[in-house]
Amino acid sequence: MTNSVLFAIDGPTATITLNDPAKHNRLDPAGLKLLREAVEKADADPNVRVTVITGAGEKTFCSGYDLGSIPAGERKDEGGDNTFEVVMDRIEAMRMPTLCALNGGVYGGATDLALACDFRLGVKGMRFFMPAARFGLHYYPSGLRRYTQKVSPSFAKRAFLLSEDFHDTELLAVGYLDWLVDRAEFKDKVAEKAARLAGLAPLSMSGMKRAIEQFAQAAPDMSSIRQTQRACATSDDLKEGLAALGERRTPAFKGR
């Protein structure tokens, strides 16, 4: 059986590769656990000065979370170490800089995985969409914060409320991507950016990274957001949205 998440260290650079291209590098609960373990390994190694997160293949970086795991997964793992939200937050909290090397399209929860990293380098031809509202899912608070904080409230509303698709140049223009390169340049550009990050002073880098994140934090009404999230997680609309997705039909939402 192929390991769905690969981990390697080369000098000061750790590389985490989502390795299930046949399923568009989709993350299921087992894959999330492996991803968290790889993140912990990278963060615990004092010699690692930059972590690159990328995907296998040339079509998709990651298609997000396995939707079939959502209803059971939220009830079973709520508060655990391997929920999607917890793992994304753990990536954001990593000690040293992180670079998301988007080798292809990015969809669903993977769009937040990229935002949990400090930098995003994309390949020309990639696409993006966040389908939460298409099947009635209320996204978790820290993901909404990252969209709003790291890109803009306007982008967050277009992605979540309109569920718009975005193409490569649009992602660069709105600030979701830091760089966009041709496929032929992709690996060299990833290596170049990783080497630059690894070559700077680690103590000041980690301190300034933490300070920048703290200055950017907002103070929303988390209790209210969590209440709405829980209501959506058990709603008829979510059940209908997921059923319609599996049956390839338009959902009939009723607001309950």
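Which residue stands opposite Leu99 in β7? In this predicted model, the residue is Phe119. The two belong to a pair of strands, β5 (residues 98-102) and β7 (residues 119-123), that run parallel and are joined by 4 bridges.

Zooming out, β5 and β7 are part of an open sheet of 6 strands, laid out in the order β1-β2-β3-β5-β7-β10 with mixed pairing. At the edges sit β1 (5-10) and β10 (179-181), each of which pairs on one side only. Going from strand to neighbouring strand in this sheet, the average turn is 20°, direction ignored. Helix α8 (residues 183-198) packs on the sheet, where the helix touches β2 (13-18), β3 (50-55), β5, β7 and β10. The direction of α8 makes about 165° with that of β7.

There is another open sheet to look at, this one made of 4 strands in the order β4-β6-β8-β9, again with mixed pairing. Its edges are taken by β4 (60-62) and β9 (165-167); each has a single partner strand, so one side of each is left without a neighbour in the sheet. Here, too, neighbouring strands are turned by 20° against each other on average, direction ignored. Within this sheet, β6 (residues 105-107) pairs with β8 (residues 127-129) in the parallel sense, over 2 bridges. Tyr107 has Phe129 of β8 standing opposite. As a general point, strands of a sheet pair through backbone hydrogen bonds, either parallel or antiparallel.

Next come the helices α5 and α6. How do the axes of α5 (residues 141-150) and α6 (residues 153-160) cross? They come within 6 Å and cross at roughly 130°, which makes α5 oblique to α6. The contact draws on Leu144, Tyr147 and Thr148 from α5, and on Pro153, Phe155, Ala156, Ala159 and Phe160 from α6. As for handedness, α5 passes α6 in a right-handed crossing.

That leaves the nonpolar interior. In soluble globular proteins, nonpolar side chains tend to be buried together. The largest nonpolar core in this model has 64 residues, and Leu35, Phe61, Ile91 and Tyr176 are the ones with the most contacts inside it. Taking Leu35 as an example, and not counting residues up to four places away in sequence, this residue touches Val5, Ile16, Leu18 and Leu27, along with Val87, Met88, Ile91 and Leu113. One of those partners, Ile91, is itself among the residues with the most contacts inside the core.

Note on methods: Residues numbered from 1 in each chain as written. Predicted model: local features only at pLDDT ≥ 70, side-chain atom pairs only at ≥ 80, totals over all residues. Heavy atoms only, no water. Pairing = 2+ DSSP bridges. Axes fitted to C-alpha atoms, helices over the stretch in contact; angles between N-to-C directions. Core = buried A, V, L, I, M, F, W, Y, C linked by side-chain atoms within 4.5 Å. Buried < 20%, exposed > 50% of the residue type's maximum accessible area, 1.4 Å probe, protein only. Contact = heavy atoms within 4.5 Å. Parallel < 35°, antiparallel > 145°, perpendicular 65-115°, else oblique. Left-handed = near helix turned anticlockwise from the far one by under 90°.
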